[in-house]
Amino acid sequence: MKIKVKKYNPNWISQFNDLKNQLSIILKHFNPIIEHIGSTSLQSLYAKPIIDIAVGIKTSLELNLTIEPMIKNKFIYYKVYNKLMPKRRLFIGLKNDKDISKFKKIYSNDNKIPHERLQKYKLTHIHIWEFQSNEWNRHIAFREYLKEHDDIRKNYSNLKYKLSKKQWIDGNEYNDAKNDFIKQVESQAILWYNRHKSIN
């Protein structure tokens with residue numbers, strides 16, 4: 001499958017704000033902190049047109065309590081990734097709620113995720129973590145670092161565009177191809193972000 005990336009679209013900010021409002025209501029019991037992360041949060045960066053959202057909750061002990069309200073509100077639960085990242089809960093939102101019947105509500109270890117078919121329906125990835133956990137801070141640091149470092153953001157954008165021209169088994173294989181670059185930048189980003197936070 002090909003991974004489609006597009007030039008920055010200012011509508012992505014509006015889509016995020018709409019989703020943030022929805023999630024604030026759905027998860028209001030958890031007093032969530034909601035952040036726009038990933039490539040659609042950064043101007044002048046090629047991105048898959050899928051809005052990545054980080055939701056921070058008070059404690060990881062509440063992670064499983066978020067599952068029922070998210071499924072009830074027509075988000076697809078990727079339970080299959082809990083083994084890889086046990087302190088995250090991952091959900092998928094579709095562009096149109098009416099399409100939810102075309103997919104399972106929960107994809108667990110016994111299910112094959114139809115990545116290629118989902119591509120045209122998918123609007124958002126919702127990542128729920130404990131607020132200010134290592135994973136939360138890593139994603140926020142990466143976003144903020146790229147905002148402030150034009151050359152690195154340009155290199156990342158060029159890499160994404162180049163990789164989009166290749167064929168991939170699924171989105172996970174595409175993500176793996178970006179991993180060396182991301183890990184290298186992340187190590188710098190976390191140090192930079194921690195210094196920046198201490199100064200401010």
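Residue E35 stands opposite A54 in strand 2 of this predicted model, where strands (E, at least two residues) and helices (H or I, at least four) are DSSP runs numbered from the N terminus. Residues are numbered from 1 along each chain as its sequence is written, and side-chain values use heavy atoms, with hydrogens and water left out. Because the model is predicted, local features need pLDDT of at least 70 and side-chain atom pairs count only at pLDDT 80 or more, whereas totals for chains, interfaces and linings use all residues.

Strand 1 (residues 33-37) and strand 2 run antiparallel and are joined by five bridges, two strands being taken to pair if DSSP finds at least two bridges between them. Strand 2 and strand 5, by contrast, run parallel and are joined by seven bridges, and within strand 5 the bridge partner of A54 is H127. Strand 2 is mostly covered, seven of its seven residues being buried, where buried means under 20% relative accessible area, exposed over 50% and partly exposed in between (1.4 Å probe, protein chains only). In a regular strand the side chains alternate between the two faces of the sheet. In strand 2, I51, I53, V55 and I57 point one way and D52, A54 and G56 the other way, and all are buried.

The largest nonpolar core holds 23 residues, of which L23, I53, V55, M70, I126 and I128 touch the most other members; such a core is a set of buried Ala, Val, Leu, Ile, Met, Phe, Trp, Tyr and Cys residues joined through side-chain atoms within 4.5 Å. Two or more residues of this core come from each of helix 1, strand 2 (51-57), helix 2 (67-72) and strand 5, and helix 1 gives the largest share, five residues. Leaving aside neighbours within four places in sequence, I128 is in contact (heavy atoms within 4.5 Å) with L27, V55, I57, L63, T66, M70, K87, R88, R89 and F91. A second, separate core of 19 residues includes I152, Y156, A189 and Y193.

The largest pocket contains about 1,400 Å³ of space. On a 1 Å grid over the protein atoms alone, a pocket is an open set of points with protein on both sides within 12 Å along at least five of seven lines, and lining residues have an atom within 4 Å of a point; grid points are joined across faces, edges and corners, and a volume is the space filled by probe spheres set on the points. The lining of the largest pocket comprises 48 residues, with K48, D52, H125, N175 and K178 nearest its centre. At least two lining residues are supplied by each of helix 1 (11-26), strand 4 (89-94), strand 5 (122-130), helix 4 (134-148), helix 5 (150-163) and helix 6, and helix 6 gives the most, with nine. This lining divides into 19 nonpolar, 13 polar and 16 charged residues, with Ala, Val, Leu, Ile, Met, Phe, Trp, Tyr, Cys and Pro counted as nonpolar, Asp, Glu, Lys and Arg as charged, and the others, Gly among them, as polar.

The second largest pocket has a volume of about 190 Å³, and of the 13 residues that line this pocket, L19, Q22, L94, D97 and L123 are the closest to its centre. Helix 1 gives the most to this lining, with four residues.

Helix 6 (residues 171-199) also contains E186, which is buried, with a relative accessible area of 7%. Apart from its neighbours within four places in sequence, E186 is in contact with R138 and F142.

Note on methods. 1 Å grid on protein atoms, 1.4 Å probe; cavity = no way out; pocket = protein on both sides within 12 Å on 5 of 7 lines; lining within 4 Å.
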